[in-house]
Amino acid sequence: VLGQDVEQFSQEFRLESNTTGPREYITGVYYENSVIRTPQEAHSDLRFVDFGLPFDGKTCGTSKWTDNTLGLFGQGTYAVSDRLSLTAGARYQESRKRLSKDNIIADPGDICAQTTDPVQLARMGALGRRPFTVQSERDDDSFSPSLTVQYDVTDNSMIYASYRTGFKSGGFDVGQSSLDLTTLQFDSEDADSFEVGLKSSLMEGRGEISLSAFHNTFKDLQVSAFNGTTFTVGNAAEALSKGVELESRFLVTPTVTLGANLLYLDGKYDSFPGAACYKGQTAETGCVGGAQDLGGVRLQYAPEWSGSLDIDWRDQLWANFEGFVQGSLSFASEQFLSPDANPAMQQEGYSKLNLRVGITPVNQNWELSLVGRNLTDEMTGNFGYNIPLVDGAYVEGVDPGRTLAIQLRAAF
């Protein structure tokens with residue numbers, strides 16, 4: 001938010017073993033304190049007259065969010081044999097968060113002062129915006145273990161299997177424009193991740209290939225959604241993300257390297273009853289009593305297929321200079337830009353081409369290049385939501401189209 005005052009302090013201490021012997025370890029402690037203050041000057045005017053309404057209004061106020069986090073972590077690796085190793089780790093974290101907020105309904109103008117006009121209060125209340133003062137605090141703690149088994153099949157290839165747990169602490173829905181104590185806080189998010197894979201070096205190091213399969217489950221997944229008037233944060237019940245990823249790189253000639261990446265992703269809500277409906281959603285499309293069940297629906301920003309093809313050429317042009325060409329063609333299949341499965345906020349599949357051509361001295365202390373991004377000029381969105389009070393109207397953030405630039409880098 002523009003106008004916010006953010007203060008942050010963090011400190012970490014680590015103790016690490018030396019790299020000789022069959023045992024390696026790292027342990028440490030981490031502390032972070034952050035304070036986010038939103039003054040009255042950080043408000044935004046709501047120009048309801050722009051939406052055809054015969055009145056105007058403003059929501060403003062102040063808020064202060066503090067977060068204190070303490071973490072203890074450790075990880076150790078034991079070489080069972082020359083080819084087999086075990087790595088185990090864990091992290092314990094405690095966090096305490098506090099929120100104080102004043103929400104003010106003001107008359108149009110530059111002054112953030114609570115209005116006493118009952119008509120203005122009724123108008124804004126009908127739009128879900130009401131004055132309130134609230135203070136709240138919450139504590140979270142978690143223990144997150146991990147375990148990895150690695151086996152070197154040959155000197156140039158290995159297989160592995162891992163289990164990891166993750167944790168994201170809960171917080172406050174500071175975007176509330178009308179106080180609802182039942183949803184003011186959102187819960188912490190927990191994740192369990194299983195992964196198996198292999199990595200191999202080919203043809204005396206000229207090629208590399210890695211293949212992995214993963215299965216991630218999320219409990220109380222934290223989701224930010226637009227409810228028609230403001231962004232809110234809540235929890236989905238459960239979500240699942242599983243897939244397979246292939247990565248490869250090959251040195252075709254001493255000057256040309258090719259790379260490829262392909263990802264298949266099946267990311268869906270396992271269970272999400274009570275999810276917010278999108279604007280204009282009907283009972284026929286799943287909105288019942290102002291809510292929908294998104295169980296089985298694909299997650300936001302989760303295309304089924306994505307990947308890239310890369311080429312890198314670098315060679316000496318004359319005595320003290322090198323030339324280079326770097327190209328990348330990336331693609332992604334269709335995906336939702338909003339978490340409510342709004343079909344109007346669905347990005348179709350696309351491909352984008354980026355290219356860099358330049359020269360640099362052999363010591364590479366400077367570089368001059370011509371850079372082209374999105375040369376295919378694909379117009380793609382990155383988020384979206386409906387405009388309040390206007391049926392069928394939406395806001396969508398759009399990534400830049402085709403861009404060309406001359407870039408100079410220097411190292412001192």
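**Close-up views of cores and salt bridges**

**View A. Arg83 and its partner across the chain.** With 31% relative accessibility, Arg83 counts as partly exposed, meaning between the limits for buried (under 20% relative accessible area) and exposed (over 50%), using a 1.4 Å probe and protein chains only. The side chain of Arg83 joins that of Asp155 in a salt bridge (3.6 Å, N to O); such a bridge puts a side-chain nitrogen of Lys or Arg within 4 Å of a carboxyl oxygen of Asp or Glu. Distant parts of the chain are linked here, 72 residues apart: Arg83 sits in the loop between strands S4 (57-79) and S5 (84-106), and Asp155 in the loop between S6 (132-154) and S7 (157-168). Strands are DSSP runs (E, at least two residues), numbered from the N terminus. Asp155 is exposed, at 71%.

This is a predicted model, in which local features need pLDDT of at least 70 and side-chain atom pairs pLDDT 80 or more, while totals for chains, interfaces and linings use all residues. Residues are numbered from 1 along each chain as its sequence is written, and side-chain values use heavy atoms, without hydrogens or water.

**View B. A salt bridge between buried partners.** Asp140 and Arg138 meet through their side chains at 2.8 Å, N to O. Asp140 is buried at 10%, and Arg138 is buried at 11%.

**View C. The largest nonpolar core.** Here 15 residues come together, with Leu221, Phe272 and Leu299 among those having the most contacts inside the core. A nonpolar core joins buried Ala, Val, Leu, Ile, Met, Phe, Trp, Tyr and Cys residues through side-chain atoms within 4.5 Å. Strand S15 (residues 256-271) gives the largest share, three residues.

Conventions. Helix = DSSP H or I, 4+ residues; strand = E, 2+ residues; numbered from the N terminus.
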